[in-house]
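Welcome to this short tour. Please open the viewer, and let us walk through the model one stop at a time.

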Amino acid sequence: MTVRLPLPDGSTRAYTPRTEPLSTSTAGPPASRTVFSAAHVVADPYADTTPDGPAAVDWDATLAFRRHLWSHGLGVAEAMDTAQRGMGLDWAGAAELIRRSAAEAKAVGGRIACGVGTDQLAGPADLVAVREAYEEQLALVEETGSQAILMASRALAAAAEDRDDYLDVYGHLLRQASEPVVLHWLGPMFDPALEGYWGSVDLDAATETFLEVIAAHPDKVDGIKVSLLDAGREVALRRRLPEGVRCYTGDDFHYPELIAGDEQGFSHALLGIFDPLGPLAAEAVRTLDTGDVDGFRKILDPTVALSRHLFETPTRFYKTGVVFLAWLAGHQDHFAMVGGLQSARSLPHLARAYELADGLGLFPDPARAESRMRSLLTVYGVPQ
């Protein structure tokens with residue numbers, strides 16, 4: 001049996017799906033690297049809402065997906081941009097997500113870290129309001145017993161006049177954090193409103209400010225998450241980190257080489273692509289635990305084509321592909337997203353994502369994935 005997949009020029013071509021998934025197993029956390037998957041949220045498809053209304057979340061399916069990730073030994077990075085923070089999920093929804101996921105993590109013994117931002121602010125805000133918004137969210141995350149990830153803030157990017165404003169805001173937050181946090185540098189390819197973060201559009205100058213924040217409070221920084229899609233810059237940055245401060249790669253283009261590392265060190269992982277790749281990523285890192293770098297690369301290198309496809313420009317819409325693959329894999333019963341973001345990628349883009357994921361054996365039930373793909377193609381009028 002073949003599936004007719006649409007191409008960007010309006011034609012179609014035949015694709016023969018695989019019939020067997022890859023064999024993966026559940027196990028404890030990897031030993032040689034700390035690995036987080038940034039997880040998506042599952043929308044409630046029956047909710048009568050609008051794209052700019054409050055997010056309607058299917059909590060049962062959302063938490064079930066997190067249990068899936070934990071069962072493979074991965075940590076969950078909660079309420080990050082993969083969960084559509086600022087792109088359909090508002091602070092009220094994110095706060096509820098953090099509370100529910102933190103409780104679920106305690107119940108199953110899963111590792112969790114949660115995003116702390118300023119997205120409760122509406123409209124322009126001064127630096128005092130930005131700091132207070134961060135404080136509110138940090139308090140909530142710490143109350144749940146979760147590790148905090150200090151996310152880049154659109155409001156801070158708009159309010160800050162220079163590097164000193166970043167040093168002041170982050171210094172204040174790190175002084176009052178009760179436990180070491182992860183600092184997140186999210187590049188403008190993921191969110192254009194973050195252009196010029198750390199006080200400069202010059203990435204070299206921004207890097208110096210970022211390192212100055214860390215150097216002033218190394219005991220309060222567990223690590224940094226770098227999402228700039230620049231492997232060379234990440235390697236140079238991680239080599240300058242104080243002793244004991246980790247680098248968590250957020251580079252969805254170069255993650256195999258960055259996690260494998262070199263003679264001077266390696267990156268841990270906090271990745272959106274590990275949402276659809278969860279079982280395969282866990283298996284790869286457990287292979288790395290044995291010292292088998294070649295085996296690790298053999299498993300993970302073939303996944304890069306899918307990741308680069310999902311994260312292609314405009315990169316911020318990668319969430320659509322992530323949720324699409326979760327539907328095909330059977331982790332949710334529908335392809336609907338909060339904010340109506342299921343419309344953010346074209347049909348040819350989704351078709352290619354299906355083909356690449358199927359080729360990797362990511363679908364636990366390939367026949368179900370094929371059936372769902374056919375149903376979507378039929379809705380779009382693609383003859384089969």
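In which loop does glutamine 84 lie? Select glutamine 84 and you will find it in the loop between β4 (75-78) and α2 (91-108). Helices (H or I, at least four residues) and strands (E, at least two) are DSSP runs, numbered from the N terminus. Glutamine 84 has a relative accessibility of 1% and counts as buried; buried means under 20% relative accessible area, exposed over 50%, partly exposed in between (1.4 Å probe, protein chains only). Its phi is near 70°, a positive value in a residue other than glycine.

Before moving on, a word on what you are viewing. This is a predicted model, in which local features need pLDDT of at least 70 and side-chain atom pairs count only at pLDDT 80 or more, while totals for chains, interfaces and linings use all residues. Residues are numbered from 1 along each chain as its sequence is written, and side-chain values use heavy atoms, with hydrogens and water left out.

Next, select tryptophan 198, in the loop between β7 (181-186) and α6 (203-216). Tryptophan 198 is not a glycine, yet its phi is positive, about 65°. With a relative accessible area of 0%, this tryptophan is buried. Most residues other than glycine have a negative phi, and most peptide bonds are trans.

Now go to proline 314, in the loop between α11 (304-310) and α12 (318-328). Show the peptide bond that leads from threonine 313 to proline 314: it is cis, with omega near -5°.

Threonine 16 is exposed, at 51% relative accessible area. Beyond its neighbours within four places in sequence, threonine 16 is in contact (heavy atoms within 4.5 Å) with Met1 and Thr2.

Cysteine 114 is buried at 0% relative accessible area, and cysteine 247 is buried at 3%. The structure holds zero disulfides (pairs of cysteine sulfur atoms within 2.5 Å).

Finally, zoom out. The protein has 14 helices and ten strands. Along its principal axes, the C-alpha trace spans about 60 × 50 × 45 Å. Of its 384 residues, 57% count as buried.
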